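Work through the exercises below with the sequence and the structure open. Try each task before reading its solution.

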Amino acid sequence: AYNRLPVNGHVPPPSSPPHSPSLRSPRFRRSKRVRSVGPPPAYRTAAHRLAYVILSVLLRRQGIFLFAPLIYISGMLFYMGTVSFDAGPVVAHRPAPGSVYRSPQLFAKLRPHMDSDNSTADAVRLILLWLRKFDLGVKLGFVSSVCWLSEFEAEFRSELGFIRLVCKFQSGMGNVAPRISFKMAILTIWKNSYRSGEWRSCIRNKSSEDGLPDSNGYIYVEANGGLNQQRASICNAVAVAGYLNATLVIPNFHYHSIWRDPSKFSDIYDEDYFVSTLQNEVRVVTRIPDYLMERYDHNMSNVYNFRIKAWSSVQYYKDNVLPRLLDEQVIRISPFANRLSFDAPPAVQRLRCLANYEALRFSSPILTLGETLVARMRERSVSSEGKYVSVHLRFEEDMVAFSCCVFDGGKQERLDMDAARERGWRGKFTKPGRVIRPGAIRINGKCPLTPLEVGLMLRGMGFDRNTSIFLASGKIYDAERNMAPLFKMFPLLQTKEMLVSPEELAPYKNYSSRMAALDYTVCLQSEVFVTTQGGNFPSFLMGHRRYLYGGHSKTIRPDKRKVAQLFDNPNIGYVSIS
């Protein structure tokens, strides 16, 4: 408040009283300002006038600056193309190398060179470049299927150091076939001394023939999955039964909605041969005695089912399964796939190998037709002295759907894959929050190789169009379109459906495991085996081939991460890879 009296009693000099509140208002002060005389400034263009209006609004309404962050974010989203406007620009981003399937464009570019390629020198240069590119990611087994010119011998030897190849021309697989003399450590692996002896297959170490001790009980397992997953379950069951000194009941095959094969053990394997081969190692019976099944009303579902974690150790079986087995005398383990770890003692591993490579022999019908397929394949490989290449191709509809990769099928492929995922896995791929990135999957080498990519890979390695190839696979997705490029690159390619008549194949047609057993038989006896996806089939086959051929089987295992980048390179050429 205004004090009219001084505090100290002195009379102050007269001063003007304060202004009235109405005189202190901003409107009054603005009205007192000196206004410029003359017309407002003239602006040159409409843009200038618009800018003047915007700045005037901003300065007079300073609260609008609160919305500045929102305006900035909206502008950034608009610029990056996240928010779509009809009139707005769309910024195209370059995908990461190897994230897009461009093999069809690559094939169209290289096909004229493939069709006219009769040069051995070019093939040798290309193979050498592939070895450099892959850093030996591709196994060296294929070298016996191509020829190396002497001018490249020194360069190849200097890169690998431990291999020396001497090659001569002759008629054989493709335009050239090898006569190669090797000096490498792998050829002497079985001759290296080990505890004053030599490396030998563990199966040769026979156990005592004094007889088996009394059994601790019966083990009944249910093997789930496809042919080779069931095979793994059988081998593990033999190993566990032997370790626990138990009697193994012939495994029961669990029917699966994906494979849809109701086959029993005796439909695929020779049951009598299996029992007789293991008679000195593990007791195997076809059924549990009646006096024990009476406890359970002759119903296996009433038998205690032991739930075992995947990859359990043998110590777990000893500490947890054996006491229950001794009490119950009968136990059931379901499911049994992958229920035994790999780091088992040598005695347990030996039983695994014995079951896989000796005891498991295919049933007589499968073995007979399989040998027929091998004979006919060799007849069609006369130019290569009966030698042929086998390729395990995984490009069935369920494999493509499960991979979540994108190929060149467009809208129809997307619809087919969505339907296959829902049919086979029921909502697994559509769960809230699950994000599928096909590009990242391809970069990481998780996409199955297409028939076209397999053909490009083999042609790049030097296998020419005269190479005899056996293709082991299920029903290829969109086979007419996807298989056409592979047949163009390898006209001598054969499948089991092409080698036998429909009448011969009819008893196996609706049984996926039996059809896979036929493929297994033909691939087992091929000169070179090519695996494209991994899994149980190639793993068992590679081990079986090493066992049969003394550790020297030829196998091609491409590094799919590098293949994806290589086939996505726009500068790639048939002779030079940049």
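The model is predicted.

**Exercise 1.** Find where L106 lies, and decide whether L106 is buried or exposed.

Solution. Step one: L106 is part of helix α4, which covers residues 103-115. Step two: the relative accessible area of L106 is 6%. Buried means under 20%, so L106 is buried. Step three: look for its contacts, leaving out residues up to four places away in sequence; L106 touches L456, F567 and I572. Step four: compare sequence with space. L106 and D568 are 462 residues apart in sequence, yet their C-alpha atoms are 8.1 Å apart.

**Exercise 2.** Describe how helices α13 and α22 pack, and list the residues in contact.

Solution. Step one: α13 spans residues 364-379 and α22 spans residues 512-524. Their axes are 9 Å apart, at an angle of about 45°. Step two: because of this angle, α13 is oblique to α22. Step three: the crossing of the two helices is right-handed. Step four: α13 contributes I366, L369, G370, E371, L373 and V374, while α22 contributes R514, A517, L518, T521 and V522. Step five: sorted by class, this contact has 7 nonpolar, 2 polar and 2 charged residues.

**Exercise 3.** Place N305 in the chain, and state what its side chain reaches.

Solution. Step one: N305 sits in the loop between α10 (290-293) and α11 (314-328). Step two: its relative accessible area is 18%, so N305 is buried. Step three: the side chain of N305 reaches the backbone nitrogen of S334 at 3.0 Å. Step four: not counting residues up to four places away in sequence, N305 touches R332, I333 and S334.

Conventions:
Residues numbered from 1 in each chain as written. Predicted model: local features only at pLDDT ≥ 70, side-chain atom pairs only at ≥ 80, totals over all residues. Heavy atoms only, no water. Helix = DSSP H or I, 4+ residues; strand = E, 2+ residues; numbered from the N terminus. Buried < 20%, exposed > 50% of the residue type's maximum accessible area, 1.4 Å probe, protein only. Polar contact = N/O pair within 3.5 Å; in protein donor to acceptor, adjacent residues only side chain to side chain. Contact = heavy atoms within 4.5 Å. Axes fitted to C-alpha atoms, helices over the stretch in contact; angles between N-to-C directions. Parallel < 35°, antiparallel > 145°, perpendicular 65-115°, else oblique. Left-handed = near helix turned anticlockwise from the far one by under 90°. Nonpolar A, V, L, I, M, F, W, Y, C, P; charged D, E, K, R; others polar.
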